[in-house]
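Me: I'm new to this one. Can you walk me through it in plain terms?

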Amino acid sequence: ALCAHLLVQRGELDLDAPVIDYWPEFGAAGKDRIPVRWLLSHQAGLPVVDGPLTFEQACAWEPVIGALEAQAPLWEPGSEHVYHAVTYGFLVGEVVRRISGKSLGRFFAEEVAAPLGLSTWIGLPEEHEGRLARIGYAAPFSVEELTAGMIKSSGLDADTVIAWMQAGWGADSVAMRAGSLGGALDNTADPSVAYYGTRAWRAAEFPAANGVSDARSLARMYAAMVSEVDGVRLLEPATVETAIAVQTGTTRMHGLPPELDIPADRSFNMALGFMRACPPVPMLGARSFGHPGSGGSIGFADPDAGVGFGYVTNLWDMRPDDPRASNLADAVRSCLG
């Protein structure tokens, strides 16, 4: 998202232009009128790849792009939203590649990481393998604990949360299928042998899912979006205001029954590539923006305070009311007064 907004800021990318202006082959199967902003806001209707794709094909980039080009949207684009968990990185990344001539990982490395001196990569160079922290996994938790956590974090009533979970998170739901990338990514494997523990995974570019960073670099990157960091400011204030305008407040979440309404600010308060602060992801203040990561990590910026925040952990835990990062954000808030 940051890479895309850098191109917007330079006048090379128009958020309201159709994607086909930059990526002509994308227009197949009725996608010729999808604007760039719907890719950034998870409203394009392409959260899954029908596949089948192998892990090796997904690592090669082009097979995923070809599948997305041929695929029809799951809904009328712009009318609904749902988290494009893995396809997001390929969709936005290909637009960046078509404009800049650089892969998303290379663009990020040259335009963001290098000027700020970040230890952050999309596609980890092999010489940094020895620096990796290894991931441990928290004890499993029950459906009842998950439900209670979602009620607490969202502020929604129990009946609404249960109906939401049943409709949106069943075994064959879009949300569950979105993580598999047409079968390329097996999320049911034992972590000790899973794809995400391999060198091939870390070396490839999966921009929505395999960024490697330390917390200091995440905080530094987000801080440079809203303030000057050692002489580097990535986004101008006007670009930030464009980037953080909520997009999902007027569209329904895909897959919910007509009688069930889940407000965006209680579930998926998505701007143009960044989530806005909301009860499930409180961040620092009302205008904070960023994104949580799988297992408890998060990075965000606050334009009013002019600060960036980064938290990473090697204890993977998906409890929705995980207090680790939010407690630290509370401490930052108290320090700022």
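Reply: One term to start with: a residue counts as buried when its relative accessible area is under 20%, as exposed when that area is over 50%, and as partly exposed in between. Also, this is a predicted model.

Me: OK. Is Glu 69 buried or exposed, then?
Reply: Glu 69 is buried, because its relative accessible area is 16%.

Me: What does Glu 69 form a salt bridge with?
Reply: Its partner is Arg 98, and the closest N and O atoms of the two are 3.7 Å apart. Arg 98 belongs to helix H5 (residues 87–100) and Glu 69 to helix H4 (residues 62–70), so the pair ties together parts that are 29 residues apart in sequence. Arg 98 counts as partly exposed, because its relative accessibility is 28%.

Me: How many salt bridges does the whole structure have?
Reply: A search of the whole structure gives 19 salt bridges. Among them is the one between Lys 102 and Glu 110, whose closest N and O atoms are 2.7 Å apart. Lys 102 is buried at 17% relative accessibility, while Glu 110 is partly exposed at 36%.

Me: What about Arg 220, what is its partner?
Reply: Arg 220 forms a salt bridge with Asp 230, with 2.7 Å between the closest N and O atoms. Arg 220 sits in helix H11 (residues 215–226) and Asp 230 in the loop between H11 and helix H12 (237–243), so this pair ties together parts 10 residues apart in sequence. Arg 220 is partly exposed at 25% relative accessibility, and Asp 230 is exposed at 65%.

Me: Changing topic. At what angle do H7 and H8 pack?
Reply: Helix H7 (residues 143–154) and helix H8 (residues 158–168) pack at about 120°, and their axes are 10 Å apart. That angle makes H7 oblique to H8.

Me: And is the crossing left-handed or right-handed?
Reply: The crossing of H7 past H8 is right-handed.

Me: Last thing, the surface. Which residues make the nonpolar patch?
Reply: Ile 135, Tyr 137, Trp 316 and Met 318 make a nonpolar surface patch of about 370 Å².

Me: Where is Trp 316 placed?
Reply: Trp 316 is in strand S10 (residues 315–316). At 35% relative accessibility, Trp 316 counts as partly exposed.

Note on methods:
Residues numbered from 1 in each chain as written. Predicted model: local features only at pLDDT ≥ 70, side-chain atom pairs only at ≥ 80, totals over all residues. Heavy atoms only, no water. Patch = residues over 30% accessible without salt bridge, like charges linked within 9 Å, V, L, I, M, F, W, Y side chains within 5 Å. Areas by Shrake-Rupley, 256 points an atom, 1.4 Å probe, with all protein chains shown as cover. Salt bridge = Lys/Arg side-chain N within 4 Å of Asp/Glu carboxyl O. Helix = DSSP H or I, 4+ residues; strand = E, 2+ residues; numbered from the N terminus. Buried < 20%, exposed > 50% of the residue type's maximum accessible area, 1.4 Å probe, protein only. Axes fitted to C-alpha atoms, helices over the stretch in contact; angles between N-to-C directions. Parallel < 35°, antiparallel > 145°, perpendicular 65-115°, else oblique. Left-handed = near helix turned anticlockwise from the far one by under 90°.
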